[in-house]
Amino acid sequence: MSLPRIAYSSGEPAGIGPDLAVLLAQQAWPCELVVLGNRQLIQDRAQQLGLAVSIQAYDATRAPQQWPAGTLVLAEHALAEPCVTGQLNAANSPYVLDLLRHAGNGCLSGEFDAVMTGPVHKGVINDAGIPFSGHTEFFAELSHTKQVVMMLATEGLRVALVTTHLPLLAVPKAITKALVKSVCYILADDLSHKFGIVAPRILICGLNPHAGENGHLGREEIDHIIPAIDELQAEGMDVSGPWPADTLFQPHYLEQADAVLAMYHDQGLPVLKYRGFGQAVNITLGLPFIRTSVDHGTALDRAGTGKIDSGSANYALQTALTMVTNTHE
Ligand SMILES: NC(=O)c1ccc[n+]([C@@H]2O[C@H](COP(=O)([O-])OP(=O)(O)OC[C@H]3O[C@@H](n4cnc5c(N)ncnc54)[C@H](O)[C@@H]3O)[C@@H](O)[C@H]2O)c1
Ligand SMILES: N[C@H](C(=O)O)[C@H](O)COP(=O)(O)O
């Protein structure tokens, strides 16, 4: 396999995505890491952080090469307006989406082996009049993929979600037998092909407190989740549940699983982030390419201050590299 070329979309310019680009460039990586962003922005942020970077213009026609620590390979994108560190500006939202289109299309064309995304600010993109609920949904649409699955992972725990960026009120209606089953297929398939887990064991949460308490606290388990689990088991998949989400996340259960499937965003992700915030990765499963991300947001309050943890960015890049290797084996 040739040297992987990984795109890093540096995300919201006012947030810590550009800082992470500068920090990542302080190390030599076993790949060509291409930062998608703006030269002036990166230079200004490096200066604010007091870190030196030598910026090299990205050349897509050249074979990927490994660069020494301190070099930042940049695919230049123009900002609409100069960025003020820490201050959102809706005029720059089209720039953020340009980075994502470059990264996604580059993965689809084979220019990049994977994309790792820096944090974007969903609110300011919508303020710019562009409907946007997250990278997960954006890349699904860009690649015409009908269904994708959000999974976050940290040492010792993987949590995938049946629903992603959905208002809580809309969640119960969205939980159907068909959806639970199709999410499990994608989860098991990617765990097997991109993580080398031959027969993934999946613990499935209920939706309601105490997994519905036999229908006394809600019927989604009886009407949808249990029938899905029964059918998946009959097909030979190693799934179990529905488990009450308040007691499932303990070593006794987790030791027997490769992933937990939560029904909605804030059922699974607070537990994952409590365990591993700063050392976790967000992965979009089911895409025709590899996409990983940091586990945190734009942290506008910390941009340019140097008071940030780049652990999740390192982990996201390392995970992308592992997935690239696994898919080539
Ligand atoms: N991958 C992504 O694109 C992504 C992920 C999560 C949230 N977001 C978006 O980010 C925006 C802000 O969200 P939020 O305020 O809920 O979350 P946030 O992660 O930006 O901030 C939460 C807290 O954690 C701190 N923090 C975050 N990352 C840090 C780091 N690397 N090092 C040290 N401290 C860090 C922040 O300073 C803040 O105190 C929202 O628009 C949200 O949608 C984007
Ligand atoms: N749910 C994600 C998290 O908590 O990390 C975050 O909103 C980012 O989602 P996308 O990867 O879809 O932007």
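How many nonpolar, polar and charged residues does the shell around ligand 2 have? By class, that shell has two nonpolar, six polar and four charged residues (Ala, Val, Leu, Ile, Met, Phe, Trp, Tyr, Cys and Pro count as nonpolar, Asp, Glu, Lys and Arg as charged, and the others, Gly among them, as polar).

This is a predicted model, where local features need pLDDT of at least 70, side-chain atom pairs count only at pLDDT 80 or more, and totals for chains, interfaces and linings use all residues. Residues are numbered from 1 along each chain as its sequence is written, chains are lettered from A and ligands numbered from 1 in the order in which they are written, and side-chain values use heavy atoms, with hydrogens and water left out.

**View 1. The residues around ligand 2.** Look for Lys-122, Gly-134, His-135, Thr-136, Met-150, His-165, His-265, Leu-269, Lys-273, Asn-282, Arg-291 and Asp-295 (a residue is near a molecule if one of its heavy atoms lies within 4 Å of it). Domain 1 (5-145 + 287-328) and domain 2 (149-273) each give at least three residues to this shell; the domain bounds come from an automatic or database domain assignment. The biggest giver is α11, with three residues (helices are DSSP runs of H or I with at least four residues, numbered from the N terminus).

View 2. An oxygen atom of ligand 2 sits 2.5 Å from a side-chain N or O atom of Thr-136. For His-165, the distance from a side-chain N or O atom to an oxygen atom of ligand 2 is 2.9 Å, and for Arg-291 such a pair is 2.9 Å apart. On its own, ligand 2 has 350 Å² of accessible area, and the protein covers 90% of it (areas come from the Shrake-Rupley method with a 1.4 Å probe).

**View 3. The surroundings of ligand 1.** Ligand 1 has 17 residues around it, and the closest are Gly-297, Ala-299, Asp-301, Arg-302 and Asp-309. Sorted by class, the shell has seven nonpolar, six polar and four charged residues.

**View 4. Backbone contacts of ligand 1.** Zoom in on Val-120, where a backbone N or O atom lies 3.0 Å from an oxygen atom of ligand 1. Thr-298 has a polar backbone atom 3.1 Å from an oxygen atom of ligand 1. Ligand 1 taken alone exposes 820 Å², and the protein buries 68% of that.

Definitions and conventions: A polar contact is a pair of N or O atoms within 3.5 Å; within protein, one must be able to donate a hydrogen and the other to accept it, and residues adjacent in sequence count only if both atoms are side-chain atoms. Helices (H or I, at least four residues) and strands (E, at least two) are DSSP runs, numbered from the N terminus.
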